Amino acid sequence: MFKEHVLKKPVRILCAVGASPPAAAAFGQALALSAHRKAQLVVVHAVSKDGPSSWGALERVAALAVLRERAEALNVPVRVRVQQGDTAGAILLHATAQAPDPN
């Protein structure tokens, strides 16, 4: 008997962001997917452990506020997380803790 595969709606989508054009494009894709699937968007920004967390803080806060506003304009529930440390480690930590949908 053939069963049709039904895609489960994701509950949570995680997107790591930074100041690069590829990160901006990734956010745009994650936002569109979150809006389409009615999923929560978790935005993670890692601050390098090699410098003080206050370096670029005003710009970082402003940039993350813009991302939050874009999500809210589409009625996408959004959580923004900033963590100081190894970039890859911070992203993996949040990916594990937030349990984003694997699809």
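Begin by selecting L41 in this predicted model, and show its surroundings: leaving aside residues up to four places away in sequence, L41 touches I13, C15, F27, A30, L31, S34, V76, P77, V78 and R79.

As background, nonpolar side chains in soluble globular proteins tend to be buried together.

Now keep the two helices in view. Helix 1 and helix 2 pack with their axes 10 Å apart and at an angle of about 25 degrees, and because angles under 35 degrees count as roughly parallel, helix 1 is roughly parallel to helix 2. The crossing in which helix 1 passes helix 2 is right-handed. To display the contact itself, select F27, G28 and L31 on helix 1 together with L67, R70 and A71 on helix 2; the residues of this contact divide into four nonpolar, one polar and one charged.

Finish at S34, one of the residues that L41 touches, whose place is in helix 1. Is S34 buried or exposed? Its relative accessibility is 1%, and since buried means under 20%, S34 counts as buried. Selecting its surroundings, again without residues up to four places away in sequence, brings up I13, A39, Q40, L41 and V76, which S34 touches.

Methods: Residues are numbered from 1 along each chain as its sequence is written. This is a predicted model: local features need pLDDT of at least 70, side-chain atom pairs count only at pLDDT 80 or more; totals for chains, interfaces and linings use all residues. Side-chain values use heavy atoms; hydrogens and water are left out. Contact means heavy atoms within 4.5 Å. Axes are lines fitted to C-alpha atoms, for helices over the stretch in contact, and angles run from 0 to 180 degrees between N-to-C directions. Helices (H or I, at least four residues) and strands (E, at least two) are DSSP runs, numbered from the N terminus. Angles under 35 degrees count as roughly parallel, over 145 as roughly antiparallel, 65 to 115 as roughly perpendicular and the rest as oblique. A crossing is left-handed if the near helix is turned anticlockwise from the far one by less than a right angle, and right-handed if clockwise. Ala, Val, Leu, Ile, Met, Phe, Trp, Tyr, Cys and Pro count as nonpolar, Asp, Glu, Lys and Arg as charged, and the others, Gly among them, as polar. Buried means under 20% relative accessible area, exposed over 50%, partly exposed in between (1.4 Å probe, protein chains only).
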